[in-house]
Amino acid sequence: MRRLLSIAAVSAALACASAQAQQVTVKIGVLSDMSSLYADIGGPGSVAAAKMAIADFMATNKDIKVELVSADHQNKADVGSSVASQWFDVDKVDMIIDVPNSGVALAVSQIASQKNKVFIVSGAAASDLTGPKCNANTIHWTYDTWMLANGTGQALVKTGGDTWFFLTSDYAFGYALERDTMAAVKAAGGKVVGVVRHPINSSDFSSFLLQAQASKAKIIGLANAGGDTINSIKQGAEFGIVKGGQKFAGLLVFVSDIAALGLPTAQGLTLTETWYWDMNDANRAWTKRWQKDRPGKFPTMVQAGVYAGVLHYLKAVAALKSAADGRAVVAKMKEMPTDDILFGKGTIRVDGRKIHPAYLFEVKTPAESKYPGDFYKLRATIPADEAFRPLKDDHCSLVGG
């Protein structure tokens, strides 16, 4: 009898050991702006989105254990690089996601490549991440400067906004958005009459706005984001810029910006996004879940991208039964069609660019808005195969021929 019990105990122990051996542990890091001008775009809302994706995945994948960490990069490339290195080398993080700041994202992308880890960009915009600065460890999920430029920029030129002055954030993101929008404006037959650059996280835009006003350009292109966009538009209203006949082009505008501005100030703005909380029932249902700990707030496309990116990454890890080889995981992510409740079906190209439709919106007037968060009316849908830069124009080393 004792011998039978002993055999049973050994068998149970072996079964337990086998189950433990088969279990894959994955560690994900949300690196974002948690406290400054991009905190509402990503920040704690991105952490919440990542937690939702992990919960949804683990509900049907019990053999994968997922851990989540988060940190504030403070919009400084050296801080972001230090966190990324610490996470990869010491804390055994397998994948970093979000990073709303192109300067930080470009630095983290290189570190992920060097250490063969995975980097999924949702918050940063610079199209160089899948262009000259591409690598086999980085995926750019939600949007980029080429998409924004060719959505908003071309649309405004076609409707008469043919002279432009740029108000540009003085770092990698602003340069990329300015460059890509200039190219789109000129390709559509428009003309650029001037540019002024401002420090990131500025509080006083008066001198920059006066230059834009003096230019007499029909369109003042805001190649900035978050708090800088909000302050530009608010202070522009004080200068009577829109009343004087000029228009602001919010080249990167989020629902959090519209909420902060209010519809009386933001009404009429044209903008391009790849996801909007109120577009369909699936988005609205997801938003209700996201809002449980954030009542009164509305998720941005960046936060939606974090959810979708985490989910697809975990599916690839499950298929490989390992998160150890970052390049192998990214290759699997590119091989597998993307399919989630927020962005629908899509693909990831060889350059790391996630492909899905984009949408040209106009901000509603207060009279048109029927309930909280009812901010946009759809002006045009840009098909997935037109929304992002063609591979032939990428200058990415991963693209053959």
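The face of helix α11 turned away from its buried side carries the exposed residues Asp281 and Lys288. Exposed denotes a relative accessible area over 50%, buried one under 20%, and partly exposed the range in between (1.4 Å probe, protein chains only). Helix α11 spans residues 281-290, and its buried residues are Asn283, Trp286, Thr287 and Trp290. These cover an arc of only 105° around the axis, which puts them on the same side of α11. The arc is taken over the directions from the helix axis to the C-beta atoms. Cover for the buried residues of α11 includes α2 (43-58) and α12 (301-320). Contact here means heavy atoms within 4.5 Å. Helices (H or I, at least four residues) and strands (E, at least two) are DSSP runs, numbered from the N terminus.

The model is predicted: local features need pLDDT of at least 70, side-chain atom pairs count only at pLDDT 80 or more, and totals for chains, interfaces and linings use all residues. Residues are numbered from 1 along each chain as its sequence is written, and side-chain values use heavy atoms, with hydrogens and water left out.

Helix α3 was examined in the same terms. It comprises 13 residues (77-89), which at 1.5 Å a residue should span 18 Å. The end C-alpha atoms of α3 are 18 Å apart, in agreement with that value. The expected span is 1.5 Å times one less than the number of residues. Buried in α3 are Gly80, Ser81, Val83, Ala84, Trp87 and Phe88. Seen down the axis, the buried residues of α3 fall within an arc of 165°, so they line one face of the helix.

Ala105 is buried, at 0% relative accessibility. Leaving aside residues up to four places away in sequence, Ala105 touches Val99, Phe119, Ala124 and Leu129. Ala105 and Gln213 lie 108 residues apart in sequence, and their C-alpha atoms are 33 Å apart in space.

Ser127 lies in the loop between β4 and β5. Its relative accessibility is 0%, and Ser127 therefore counts as buried. With residues up to four places away in sequence excluded, Ser127 touches Asp144, Thr145, Trp146, Arg179, Asp180 and Arg389. From Ser127 to Tyr359 the separation is 232 residues in sequence and 18 Å in space, C-alpha to C-alpha.

The loop between β4 and β5 (138-140) also holds Cys134. A disulfide, defined as a pair of cysteine sulfur atoms within 2.5 Å, joins Cys134 to Cys396, with an S to S distance of 2.1 Å. The count of disulfides comes to one. The link of Cys134 and Cys396 is right-handed, with 95° about the S-S bond. The pair connects distant parts of the chain, 262 residues apart, and Cys396 lies in the segment after α14 (384-387). Cys134 is buried at a relative accessible area of 9%. Cys396 is buried at 6%.

Backbone angles were also examined. His395 lies in the segment after α14. His395 has a positive phi of about 60° although it is not a glycine. With a relative accessible area of 66%, His395 is exposed. Asp98, in strand β3, likewise has a positive phi, near 95°, in a residue other than glycine. Asp98 is buried, with a relative accessible area of 0%.

A cavity is a set of points where a 1.4 Å probe fits but cannot get out; a pocket is an open set with protein on both sides within 12 Å along at least five of seven lines. Lining residues have an atom within 4 Å of a point. Grid points are joined across faces, edges and corners, and a volume is the space filled by probe spheres set on the points. The largest pocket holds about 520 Å³ of space. It is lined by 27 residues, of which Lys247, Phe248, Gln267, Gly268 and Leu269 are the closest to its centre. Two or more lining residues come from each of α5 (145-158), α8 (227-238), β9 (247-250), α10 (263-266) and β14 (358-363).

The structure holds one cavity of 30 Å³ or more. About 80 Å³ of space lies in the largest cavity. Its lining has 14 residues, with Tyr38, Gly123, Tyr143, Ala225 and Leu252 nearest its centre.
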